[in-house]
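Keep the structure open while reading.

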Amino acid sequence: MSQLIVQKYGGSSVADAEKIVNVARRVADSAAQGHRMVVVVSAMGRTTDGLLTLASAITSTPDPREMDMLLATGEQVTIGLLAMALQSLGHPACSFTGLQVGLVTDDAHTRARIKRITAERISAALDVGKIVVVAGFQGVTERGDITTLGRGGSDLTGVALAAALKADVCEIFTDVDGVYTADPNVVPEARKLARVSYDEMLEMASLGAKVLQARSVEFAKKYGVPVHVRSTFKPDSGTLVTREDHSMEDVVVTGITHDRGQAKLSILRVPDRPGIAGKVFGGLGAQNIVVDMIVQNISRDGLTDISFTLPRADRQRAEHVLAGIAKDIGAEGVVADDRVAKVSIVGVGMRSHAGVAARMFAAMSTEGINIQMISTSEIAVSCVIEDKYTELAVRALHDAFELGRE
Ligand code: ADP
Ligand code: ASP
Ligand code: MG
């Protein structure tokens, strides 16, 4: 049966000309089966990282609007090349930028949110039998300024186009052949999951499993888009991200994730009185700094320490803001620690099983790993630990919850 399929290919899948031709062949195979094809692509290889490095050689405080102007160029190279590759294989194809497909966002440059997608030109091109190639990661504000959707944002472009076009499926092609019980590059025994629920995938993505961008999973859940994560280089089927069913509850822990992009800030000897936490976190929030875990120590002599984690990329800015707040509220000072990481266990089965967190802490203690902070949600438990123990912790947890076994 003829379907409308959105396929998204990540940076490593289109890293050079040969790989782009390989992608063109895969797309052409699906088109030859009679499917209508929309293909979203990322920038080639590590192009986006390279552009960020270039910008940082010019300024440490780039204007976000100009940053988007720069970053969006990466994807435009790939769409032109892929459309040419498809045409060379004898398939009518046409490429479009975010602006051309009417992907309208708010004006939060570098992390814009999608407001609507017109997709008129996509439908028109599909109607005349073309394969449509779309630049991932980019959109445009109401005023016509170019925006980007946050790192890994091509996943979101793929899912959002699939929702807008009511596609049958959104296939995410990448360098691994599915979603695993842990990052397969860290845990060789990790097992591929045949299916994973939207909620678990969202939690795994938010807690560091970069195989899908968290916002793309949120979007897929909201619009019920079936997402199939699979390999660009192998034909096998991968992992289906889908609605939860009863069998998923039987598994207590579905996956282990880690996030090394964390930092910890502590504000020392703060007066312990009402309104202080509001001042500290209100001040950070006003500067658009999003904090993650928060711990406040027991107060001694009317003074206490408050620690929290945040993305490492925001650490310097946050430290600066916090130093000002510390002075205002009479705190002793601020200390920063970049050598922390977060490891987490995720699973919908946790809702109905007791003792899961205790098993996690026991596994960490057996390895002699000190837990600095803990946080829990309905379907996840996370610990902040010293960065150098990350891989050891992930492997120990994978073993403790017997995730390597069938
Ligand atoms: P792309 O460039 O295709 O968007 P990414 O690098 O963003 O690919 O995502 C794929 C990577 O995600 C894999 O190479 C793998 O190292 C990492 N990853 C982390 N956690 C997981 C997991 N649980 N399952 C599969 N891959 C994972
Ligand atoms: N090129 C962008 C990035 O590296 C978007 C993506 O690959 O999904 O973040
Ligand atoms: Mg990605």
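A polar contact here is a pair of N or O atoms within 3.5 Å. The model is predicted. By that cut-off, S42 makes a polar contact with ligand 2: a polar side-chain atom of S42 lies 3.1 Å from an oxygen atom of the ligand.

**Ligand 2**

- The residues around ligand 2 are S42, T48, E75, F137, R151, G152, G153 and S154.
- E75 uses a polar side-chain atom, placed 2.7 Å from a nitrogen atom of ligand 2.
- G153 takes part through its backbone: a polar backbone atom lies 3.4 Å from an oxygen atom of ligand 2.
- On its own, ligand 2 exposes 260 Å², and the protein buries 87% of that area.
- The shell around ligand 2 counts 5 polar residues, 2 charged residues and 1 nonpolar residue.

**Ligand 1**

- Ligand 1 has 18 residues around it. The closest are T174, D175, Y180, D183 and N185.
- N185 has a side-chain N or O atom 2.7 Å from an oxygen atom of ligand 1.
- For D183, a side-chain N or O atom is 2.9 Å from an oxygen atom of ligand 1.
- K210 places a polar side-chain atom 3.3 Å from an oxygen atom of ligand 1.
- Which classes make up the shell around ligand 1? There are 8 nonpolar, 6 polar and 4 charged residues.

**Helices α7 and α8**

- Helix α7 spans residues 198–206, and helix α8 spans residues 214–223.
- The axes of α7 and α8 come within 8 Å of each other and cross at roughly 165°.
- Angles over 145 degrees count as roughly antiparallel, so α7 and α8 are roughly antiparallel to each other.
- What is the handedness of the crossing of α7 and α8? The crossing is left-handed.

**Helices α11 and α12**

- Helix α11 covers residues 356–366, and helix α12 covers residues 390–400.
- Their axes come within 9 Å, with a crossing angle of roughly 130°.
- An angle of 65 to 115 degrees would count as roughly perpendicular, and one over 145 as roughly antiparallel.
- The crossing of α11 past α12 is right-handed.

Technical notes:
Residues numbered from 1 in each chain as written. Chains lettered and ligands numbered in written order. Predicted model: local features only at pLDDT ≥ 70, side-chain atom pairs only at ≥ 80, totals over all residues. Heavy atoms only, no water. Near = heavy atom within 4 Å. Polar contact = N/O pair within 3.5 Å; in protein donor to acceptor, adjacent residues only side chain to side chain. Nonpolar A, V, L, I, M, F, W, Y, C, P; charged D, E, K, R; others polar. Axes fitted to C-alpha atoms, helices over the stretch in contact; angles between N-to-C directions. Helix = DSSP H or I, 4+ residues; strand = E, 2+ residues; numbered from the N terminus. Left-handed = near helix turned anticlockwise from the far one by under 90°. Areas by Shrake-Rupley, 256 points an atom, 1.4 Å probe, with all protein chains shown as cover. Parallel < 35°, antiparallel > 145°, perpendicular 65-115°, else oblique.
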